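Here's a quick look at the salt bridges in this model. Have the sequence and coordinates handy as you read.

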Amino acid sequence: QTERSTEGEKKLQDVAAKLSHATSEWTAAQAKLAEAESKLQKENGRAIWLSNEVEALKQGHDASKGELMKLTLAHQNALRAGIDKDQEIARLLELHTQSRQDMEIQKKLYDENAEQTKAETEAL
């Protein structure tokens, strides 16, 4: 019986040692799991932050793109207005030139008519 007791105690000690070892491994695994969860939460937080940053950059890009489109349209309108203004100035210059030429022709006709009238008057 003593031998069986000793054998039983030895088996019990082996089981206790294995249980203690398994408990240590379990505790270490739980610590690693907690560390991994903490890292995962940090990475999730970072991923969320990066996602928010990307969204903010996208919105900023969209806003900049909208502003660029507005500026481009305003520039095109200004160019059109400038071209229209240049065309109007050219038209007015053409009218002025034409009017001046007409006045020169009228003056020439007036001078010729005056000379003719003077000559006719003198002939009488």
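Which side chain meets K107 in a salt bridge? That would be D111, with an N to O distance of 3.2 Å. A salt bridge here is a side-chain nitrogen of Lys or Arg within 4 Å of a carboxyl oxygen of Asp or Glu, and by this rule the count comes to four.

Some housekeeping: this is a predicted model, where local features need pLDDT of at least 70, side-chain atom pairs count only at pLDDT 80 or more, and totals for chains, interfaces and linings use all residues. Residues are numbered from 1 along each chain as its sequence is written, and side-chain values use heavy atoms, with hydrogens and water left out.

| Pair | N and O distance |
|---|---|
| E35 and K39 | 3.5 Å |
| K70 and E67 | 3.6 Å |
| K107 and D111 | 3.2 Å |

Now for the setting. Helix α1 covers residues 2-123, and E35 and K39 sit four residues apart in it, so about one helical turn separates them. (Helices are DSSP runs of H or I, at least four residues, numbered from the N terminus.) K107 and D111 are likewise four residues apart in helix α1, again about one helical turn. For K70 and E67, the spacing is three residues in helix α1, also about one turn.

What about solvent? Buried means under 20% relative accessible area, exposed over 50%, and partly exposed in between (1.4 Å probe, protein chains only). K107 is exposed at 52%, with D111 partly exposed at 31%. E35 is partly exposed too, at 45%.

Key: Helix = DSSP H or I, 4+ residues; strand = E, 2+ residues; numbered from the N terminus.
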